[in-house]
Amino acid sequence: MIIERRISVIVMLTDLQEGARKKSDQYWPDREDEVREIGSGISLKHESSSYQGVFLKRKVILSSSGSSLNSCYLTLVKFINLREREIG
């Protein structure tokens with residue numbers, strides 16, 4: 001759906017874990033040139049990442065073997081310590 005709809009940015013507002021409670025799964029690769037297969041012929045390749053103060057910005061290439069559009073660039077924005085900033 002991301003490739004077909006030409007989505008270019010995904011924003012994540014929650015941490016992966018809050019205390020002992022799991023909030024989300026990590027589907028993206030962390031290291032440069034790392035590739036993560038996420039199933040159904042879809043993979044993500046890490047291109048770059050940069051810390052922007054309150055968020056971490058990752059640039060990845062999403063590839064799908066089952067799509068006629070094949071691949072697209074995707075920016076993943078992950079807010080850091082959002083809850084702590086709201087409380088503080």
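Predicted model: local features only at pLDDT ≥ 70, side-chain atom pairs only at ≥ 80, totals over all residues.
Ground rules first: local features need pLDDT of at least 70, side-chain atom pairs count only at pLDDT 80 or more, and totals for chains, interfaces and linings use all residues. Residues are numbered from 1 along each chain as its sequence is written, and side-chain values use heavy atoms, with hydrogens and water left out.

**Exercise 1.** Work out how many bridges join S4 to S5, and what sits in the turn of their hairpin.

*Solution.* Start with the terms: strands are DSSP runs of E with at least two residues, numbered from the N terminus, and two of them pair if DSSP finds at least two bridges between them. S4 covers residues 35-39 and S5 covers residues 42-51; they run antiparallel, joined by four bridges.

**Exercise 2.** Find the direction of S6 relative to S5, and which residue stands opposite His-46.

*Solution.* S6 spans residues 55-64 and runs antiparallel to S5, with nine bridges between them. Within this pairing, His-46 stands opposite Val-60 in S6. The hairpin has three residues between its strands, and Gly-53 in the turn shows a positive phi of about 90°.

**Exercise 3.** Locate Asp-33, give its phi, then decide: is Ser-40 buried or exposed?

*Solution.* Asp-33 sits in the loop between S3 (21-22) and S4. Its phi is near 70°, positive even though Asp-33 is a residue other than glycine. Ser-40, in the loop between S4 and S5, isn't a glycine either, yet has a positive phi of about 55°. Its relative accessible area is 74%, so Ser-40 is exposed (over 50%; buried is under 20%, partly exposed in between, with a 1.4 Å probe and protein chains only).
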